[in-house]
Amino acid sequence: MDPRPAAKPQYDLYLNGAWVPSATGETFETLNPATEQVISRVAAAGERDVDAAVKAARAAFDAGKWTQLSASDRGKALLRIAEGIRKNLDELAFLETIDAGKTIGETKNIEVPLAAELFEYYAGWATKITGETIPVRGNYLAYTLREPIGVCAAIVPWNFPLLMAVWKIAPALAAGNVMIVKPSEFTPLSLLKLAEIVHEAGLPPGVFQVLPGFGPSAGAALVRHPGVDKIAFTGSTATGQTVMREAAATLKRVSLELGGKSPNIVLEDADPEAAARGAIAGIFYNKGEVCAAGSRLFVPEKLHDAVMEKVVERAKKLVPGDPLDPKTRFGAIASKPQLEKVLGYIQTGKAEGAKCVTGGERAKVGDGKGYFVQPTVFDGATNQMRIAREEIFGPVLTAITYKDLDEVIALANDSPYGLAAAVFTRDVKKAHVVARRLKAGTVWVNTYNIYDPALPFGGVKQSGFGRELGSAAIDNYTELKSVCVDLNL
Ligand code: NAI
Ligand code: MG
């Protein structure tokens, strides 16, 4: 009587409204990082599949069955997708948990519901995308049209496999674009399930396609293909640079959501308890595999002991465990390469002379299989250490002590990245002053990791450009056309 959902042993590409194997027959295995067991075998898209998908997308776009559908009918289709996500909540959460090592509490209560909410939010936008009339010199009627860009491709990572894609799919479709998604090779399952849901929602073939596969083959083929008009990428800064370089050949529109080394600043007047809670939420949500993770914690000398004691106490309570157990608060690192990277950085931190005050080791869960790491906190670090400069993308917090406000703002901004930041203070004035001085796409005050479909998100500096979510994402997926009409009789 166990109603627990299951993954299929084998998945194909979702191309032009049908499930097909890849042209070469190539496949790959996706693993459960909590057990190291193979979950499913998945078709790996290559250049020929990408070409077929782009042709199908172009045909769908040009036929106008989606683009020229009334905006209200497009909105209704997005609502049907949202409904499908809610109906399949258990299966989507299960697939996301076994494929990416996320806790079932996070996938079921937060991330999958948020994916549905995103489709609902952008369903509302479909009917509200408008141009303007512009007062120009002379006897002319001048106005702007906001038109879809055309064939968009999303290349997404493994840390939020479903959500990072939906951030792109929902606004792109609302604006009348067609979309091809390439999931990460580590976590293709939730997006393949989404393809089933979209299929059932009745979108015309070619409007939405999912091509699992590897970055250098499927990903690179999408970036190079002259038939793709826009690439929306989330992932590492290094790959983002490659995408931008390759996209230049065809001058594709590009938006990049890249890495971060976000500062979490505790001011002297902060409540140490609230600051510690924020530090923990900032770094340990989703095992630290969050682009906006608050991986640098700046603590004032005066509050150092009070804050760090509480941080360590709370970190110790986050015990890694079976992600499918609803009681587990801390899951498995998403893949073996990522596990090795995180453990490597922990060694680096120790060698650089930072003090590891909790964690610092691989964690043993159950029979010892699975890529688990203890929540780790380094104290007494400097902003010059590699663990303060490079994105670790794991459960490793680097705490740095500072003396005064100007110093901490300079240190916080001394990073190649600028995705997010947070400040903890009881002083309203200081909160806003610091928010203005931080070079980041998002600043949280007395909280961390708050996201909303309506609130734009994106980076400055090497964290990328372009804004997702909110009305900003509509700009990201539309072109502005100016029309000028002679009214001289
Ligand atoms: P990645 O940036 O290489 O992968 C992200 C996506 O890009 C995947 O779908 C991948 O298949 C694709 N890709 C890879 N090479 C490509 C290419 N040449 N052309 C087109 N697409 C390509 O990230 P990866 O290797 O999975 O993780 C490495 C590191 O990147 C992590 O340790 C972490 O530090 C960082 N990262 C940051 C993320 C963020 O949200 N900021 C997300 C994922 C990883
Ligand atoms: Mg996996």
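Mentor: Of the 36 residues that line the largest pocket, those nearest its centre are Trp158, Phe233, Gly235, Ser236 and Thr239. The model is predicted, with local features needing pLDDT of at least 70 and side-chain atom pairs pLDDT 80 or more, while totals for chains, interfaces and linings use all residues. Residues are numbered from 1 along each chain as written, chains are lettered from A and ligands numbered from 1 in written order, and side-chain values use heavy atoms, without hydrogens or water.

A pocket here is an open set of points on a 1 Å grid over the protein atoms alone, where a 1.4 Å probe fits, with protein on both sides within 12 Å along at least five of seven lines, and lining residues have an atom within 4 Å of a point. The space in this largest pocket comes to about 880 Å³, counted as that filled by probe spheres set on points joined across faces, edges and corners. Two or more lining residues come from each of helix H7 (215–224), strand S11 (230–234), helix H8 (237–247) and helix H11, where helices (H or I, at least four residues) and strands (E, at least two) are DSSP runs numbered from the N terminus. H8 is the largest contributor to this lining, giving 6 residues. By class, the lining has 17 nonpolar, 13 polar and 6 charged residues (Ala, Val, Leu, Ile, Met, Phe, Trp, Tyr, Cys and Pro are nonpolar, Asp, Glu, Lys and Arg charged, the others, Gly among them, polar).

For comparison, the second largest pocket has a volume of about 350 Å³, and among its 19 lining residues Arg277, Ile280, Ala281, Tyr285 and Leu318 are the closest to its centre. Helix H4 (104–125) and helix H9 each supply at least two residues of this second lining, with H9 giving the most, 6 residues. The lining of the second largest pocket divides into 10 nonpolar, 5 polar and 4 charged residues.

Phe284 lies in H9 (residues 272–284), whereas Phe330 lies in the loop between helix H10 (304–317) and H11 (336–352), so the pair ties together parts that are 46 residues apart in sequence. Phe284 is buried at 4% relative accessibility, and Phe330 is buried as well, with a relative accessible area of 2% (buried is under 20%, exposed over 50%, partly exposed in between, for a 1.4 Å probe and protein chains only). Elsewhere, Trp167, Trp444, Tyr448, Tyr451 and Phe457 make up one aromatic cluster.

Asn449, in the loop between strand S20 (442–445) and strand S21 (460–461), has a positive phi of about 60° although it is not a glycine, and Asn449 is buried with a relative accessible area of 14%. Glu36, likewise not a glycine, has a positive phi near 65°; Glu36 sits in the loop between strand S4 and strand S5 (37–43) and is partly exposed, at 28% relative accessibility.

Methods
Phe/Tyr/Trp six-rings, centres within 6.5 Å; stacked < 30°, edge-to-face > 60°.
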